[in-house]
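Please read the points below with the sequence and the model open side by side.

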Amino acid sequence: MTLKDSTTLKQLDSAHHLHPFTDFKALGEEGSRIIVDAHGVYIRDADGNRILDAMAGLWCVNLGYGRKELVDAATQQLTQLPYYNNFFKTSHPPAVELAATLCRLAPQHMNRVFFTGSGSEANDTVVRMVRRYWALKGRPQKHWIIGRENGYHGSTVAGMSLGGMAPMHEQGGPCVPGITHVRQPYWYGEGLPDASCEDPESFGRRCAEALEARIQELGADQVAAFIAEPVQGAGGAIIPPDSYWPAIKEVLDRYDILLVVDEVICGFGRLGEWFGSVHYDLTPDLMPIAKGLSSGYLPIGGVLVGDRVAETLIEEGGEFYHGFTYSGHPACAAVALKNLELMQAEGIVDKVRNELGPYLASRWKALEAHPLIGEARSLGLIGALEIVADKASGQRFDKALAVGNLCRDICFETGLVMRSVGDTMVISPPLVISRDEIDELVRLAERALDETLRRLEAQGVSIASCEQVES
Ligand code: PXG
């Protein structure tokens with residue numbers, strides 16, 4: 001493809017392209033930033049700007065850009081067998097090998113995988129499997145699935161229903177019936193501002209109590225599964241208090257409810273283990289996966305299935321009427337397989353756990369000294385900054401100021417991709433980022449925060465922590 005000039009591309013984009021999660025009209029007026037190439041942790045736009053991509057694309061380019069081995073794996077497979085399906089008793093080597101490799105890397109009790117084309121399709125598959133499982137167990141009334149407010153599980157109708165994003169429900173509803181949501185373990189956003197919450201650990205336990213209360217309300221014999229991300233990603237890189245997961249596990253065990261751990265972001269090294277479930281010592285029945293599985297080079301997802309559910313589906317289920325044209329697509333599977341091979345050969349997961357995660361944590365935490373930052377948190381290579389008007393109380397800026405989006409746009413100008421979730425700034429850089437690049441990331445983030453502060457002050461916005469510093 002010969003590249004059109006930047007202005008023409010932007011015009012055509014505005015005229016014809018409806019972007020995901022975008023105000024179509026506003027973008028049409030502003031124009032988009034066209035990304036033309038990338039290498040390592042950097043992307044480059046059509047105007048020639050080099051930008052450090054601290055979001056790894058959309059939480060997915062874990063091995064970084066420009067990995068020839070992944071391109072070669074795709075080319076080789078596309079040449080040999082570009083497509084064949086896994087329906088009607090057929091299979092092909094990349095799907096077989098990927099399935100076996102995934103099950104070797106997954107927790108011991110997970111020995112089966114169902115492939116999909118994305119994380120959303122993986123979560124659609126979860127709904128089908130969970131309900132099928134209980135029906136086969138002779139308990140079809142056990143059908144409720146409990147998710148969490150501000151959880152994210154995708155944008156298909158089932159994915160959006162499992163997720164707890166209120167604005168999505170308002171636009172996409174009515175949601176899939178039999179799905180409900182409980183409170184999220186977001187200490188900074190919901191625990192700290194609540195005068196009745198003493199500390200993060202008791203708040204974590206309170207969130208598990210809320211789950212138990214909902215189960216009792218619905219009737220335990222009606223509840224099929226609980227679905228959650230180990231660390232919420234799209235919700236704002238929300239790291240639960242240490243008390244949260246052990247308390248949740250106890251509740252689920254007490255009522256015989258399946259645990260679905262959505263590993264679409266946390267899987268494949270993000271938290272310094274192969275899966276977030278390993279970090280939190282969870283025993284999931286189902287684990288939806290995608291994104292980092294192929295480092296985003298080609299679209300692929302899946303659901304890892306624990307023995308309890310798999311054996312029932314296999315032994316008692318007969319035909320499972322579910323699947324996608326691109327379930328286990330050969331080129332996508334070949335790239336995922338190579339991606340996992342490279343991750344193992346390069347010791348990426350250990351490096352995140354032992355070196356890069358702790359290094360990022362130390363550099364990132366220092367940003368709490370900034371007048372706009374109420375909390376800087378990270379785990380492995382996922383992190384967040386809470387922008388506040390008053391550091392002491394955690395008071396937010398007026399929503400109408402859209403400070404997070406302002407900061408995000410300034411980041412772009414500064415040469416950094418950082419995502420905003422309200423006034424929470426989020427990072428999830430490629431897992432191959434170096435220490436020097438982490439230093440640069442933090443330097444750029446600080447510069448963008450300084451500029452955000454400067455622009456807010458120029459608008460006459462009151463910032464309590466600055467007033468305190470000055471007085
Ligand atoms: N589960 C989780 C935990 C996710 O983060 C999905 C499922 C759905 O995956 P697909 O491949 O269908 O997109 C996701 C996706 C954002 C953002 O703005 C996050 C996602 C997707 C798009 C935007 O942070 N996560």
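1. A residue is called buried when its relative accessible area is under 20%, exposed when that area is over 50%, and partly exposed in between, using a 1.4 Å probe and protein chains only. By this rule S161 counts as buried, at 1% relative accessibility. The model is a predicted one, in which local features need pLDDT of at least 70 and side-chain atom pairs count only at pLDDT 80 or more, while totals for chains, interfaces and linings use all residues. Residues are numbered from 1 along each chain as its sequence is written, and side-chain values use heavy atoms, with hydrogens and water left out.

2. S161 is found in helix α7, residues 157-162, where helices (H or I, at least four residues) and strands (E, at least two) are DSSP runs numbered from the N terminus. The side chain of S161 reaches the backbone nitrogen of V176 at 2.9 Å. This is a polar contact, that is, a pair of N or O atoms within 3.5 Å, of which, within protein, one must be able to donate a hydrogen and the other to accept it, and residues adjacent in sequence count only if both atoms are side-chain atoms. If neighbours within four places in sequence are left aside, S161 is in contact with H169, C175, V176, I179 and H181, contact meaning heavy atoms within 4.5 Å.

3. How many residues does helix α10 have, and how far does it reach? Helix α10 covers residues 200-218, which makes 19 residues, and spans 27 Å from its first C-alpha to its last, close to the 27 Å expected at 1.5 Å a residue. The expected span is 1.5 Å times one less than the number of residues in the helix. At the start of α10, a side-chain oxygen of D199 comes to within 3.0 Å of the backbone nitrogen of E201, and just after the helix G219 takes a positive phi of about 95°.

4. The buried residues of α10 are S202, F203, G204, C207, A208, L211, E212 and I215. What do these residues pack against? Their partners are the strands β5 (144-148), β6 (179-182) and β7 (223-228), together with the helices α9 (187-191) and α11 (244-255).

5. A333 lies in helix α14, residues 330-345, and counts as buried, with 0% relative accessibility. Although A333 and F115 are 218 residues apart in sequence, their C-alpha atoms are 9.2 Å apart in space. With its neighbours within four places in sequence left aside, A333 is in contact with P94, A95, L98, I300 and G328. For L9, which has its place in helix α1 (residues 6-16), a separation of 42 Å is found between its C-alpha atom and that of D390, 381 residues apart along the chain.

6. Side chains of opposite charge can pair when their charged atoms come close. A salt bridge is counted here when a side-chain nitrogen of Lys or Arg lies within 4 Å of a carboxyl oxygen of Asp or Glu, and by this rule the count comes to 28. One of them joins E69 and R67, with the closest N and O atoms 3.0 Å apart; E69 is partly exposed, with a relative accessible area of 31%, whereas R67 is buried, at 15%.

7. R455 forms a salt bridge with E413, and the closest N and O atoms are 2.9 Å apart. R455 lies in helix α17 (residues 435-458) and E413 in helix α16 (residues 403-414), so the pair ties together parts that are 42 residues apart in sequence. In this pair R455 counts as partly exposed, at 26% relative accessibility, while E413 is exposed, at 53%.

8. D281 forms a salt bridge with K249, the closest N and O atoms being 3.8 Å apart. Because D281 lies in the loop between α12 (276-279) and β9 (286-289) and K249 in helix α11, the pair ties together parts that are 32 residues apart in sequence. D281 is exposed, with a relative accessible area of 55%, and K249 counts as partly exposed, at 25%. Elsewhere, E375, R377, E386 and R396 are linked in a network of salt bridges.
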